Amino acid sequence: MPYDIFFVNLGIKIEHLRNHISVFGFKITFYGIIIGIGMLAGLKMACADAKRRGQDPELYMDFAIYAILFAVIGARLYYVIFSWDNYKDDLLQIFNTRGGGLAIYGGVIASIITLLVFSHIKRVKFMSMADSGVLGLITGQIIGRWGNFFNAEAFGGYTNNLFAMQIRRDIVNSNMLNNSVLEHMVKVGDYYYIQVHPTFLYESMWNLALLIFMRWYRKRKKFEGEMFFIYLGGYGFGRALIESLRTDSLFVPGTNLAVSQLLALVCVVIAALSICIGRRNKKTGFN
């Protein structure tokens, strides 16, 4: 019997991978549903941490209204800018988000900028809100990555490791395939399959480990803003490694440098320097 997904070394097989449901004839993708669940879970996590710290959770609820909107816009802009050749001849496609194309780093950047503006207007400390906010952000990322699973995307090159995943070739976007993947394509019955790194899974697992560490460390932090920089550095380090495996990276124009990998490494350096400075000046930190 044909199947859509098979984790060959774990023995987990999914015969039919649905990526949407229909409500009154309107298609609602699992990607969108999962992203929405991630946002709500992230907001709950941030509000719970804010309450633990004696802050007003309502402040974070107010911020979320703006952050979610601008994060989606930022994620789309980031993707469009670094894949401009796909849009320059049909600008209306820029607004076709149902066709895919959101980049998490664009959403992160937009969220940070939004918080800078929001905290200034509300006259609250940016770093203090950021420390709780990043717990919500990483929670949303853990869940959100599974949207890529239902879209059969965000995978890496060929592998036969423990988590190796076979995907039916005809449900995959051709733009995500490289020579390494195609050279190892196999035929099972009447269908061709690619076998790849499930990088969406790697990133979700890395983010979960980072969240567990951050929740343990948050009571031990030395200065306001340390949790924010731990997130920047921790996520950046994992993303830099995982991005090197992916087949769908966005590149800096005119180079072979994956833009998200480069940005991730910059975040690691900034985070490491900031933590060193903040710990040396822990009485005031980055308040």
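Predicted model: local features only at pLDDT ≥ 70, side-chain atom pairs only at ≥ 80, totals over all residues.
**Stop 1**

Next, select strand 1 (residues 5-7) together with strand 5 (residues 165-168); the two run antiparallel and are joined by 3 bridges. Within this pair, I5 stands opposite I167 of strand 5.

Which residue of strand 7 is the bridge partner of V188? Select Y191, for that is the partner. Strand 6 and strand 7 pair in the antiparallel sense over 3 bridges. The two strands form a hairpin with 2 residues between them, and in the turn G189 has a positive phi of about 65°.

**Stop 1: another hairpin**

Move to strand 3 (residues 20-23) and strand 4 (residues 26-29), which run antiparallel and are joined by 4 bridges. Select I21 and then I28, the bridge partner of I21 in strand 4. This hairpin has 2 residues between its strands, and F24 takes a positive phi near 55°.

**Stop 2: helix 1**

Select L43, which is found in helix 1 (residues 30-52). Once neighbours within four places in sequence are left aside, L43 is in contact with Y60, M61 and A64.

**Stop 3: helix 3**

Select helix 3 (residues 104-122). Why does the distance between its ends agree with its number of residues? At 1.5 Å a residue, its 19 residues should span 27 Å, and the end C-alpha atoms are 26 Å apart, which agrees.

Now colour the buried residues of helix 3, among them Y105, V108, L115 and F118. The buried residues pack against helix 2 (57-81), helix 4, helix 8 and helix 9 (259-280). Just after helix 3, R123 takes a positive phi of about 60°.

**Stop 4: helices 4 and 8**

Two packed helices are described by the angle between their axes and the distance between the axes. Select helix 4 (residues 126-144) and helix 8 (residues 226-243), which pack at an angle of about 35° with their axes 7 Å apart. On the helix 4 side, the residues that meet helix 8 include F126, M127, A130 and V134. On the helix 8 side, those that meet helix 4 include F228, F229, Y231 and Y235. The residues of this contact divide into 11 nonpolar, 1 polar and 2 charged.

**Stop 5: the cysteines**

Finally, select the cysteines. How many disulfides are there, if the sulfur atoms of a pair must lie within 2.5 Å? The count comes to 0 disulfides. C267 is in no disulfide, and the nearest cysteine sulfur, that of C276, is 16 Å away.

Are C47 and C267 buried or exposed? Buried means under 20% relative accessible area. C47 counts as buried because its relative accessibility is 10%, and C267 counts as buried because its relative accessibility is 11%.

How values were computed
Residues numbered from 1 in each chain as written. Heavy atoms only, no water. Pairing = 2+ DSSP bridges. Axes fitted to C-alpha atoms, helices over the stretch in contact; angles between N-to-C directions. Contact = heavy atoms within 4.5 Å. Nonpolar A, V, L, I, M, F, W, Y, C, P; charged D, E, K, R; others polar. Expected span 1.5 Å × (residues − 1). Buried < 20%, exposed > 50% of the residue type's maximum accessible area, 1.4 Å probe, protein only. Disulfide = S-S within 2.5 Å.
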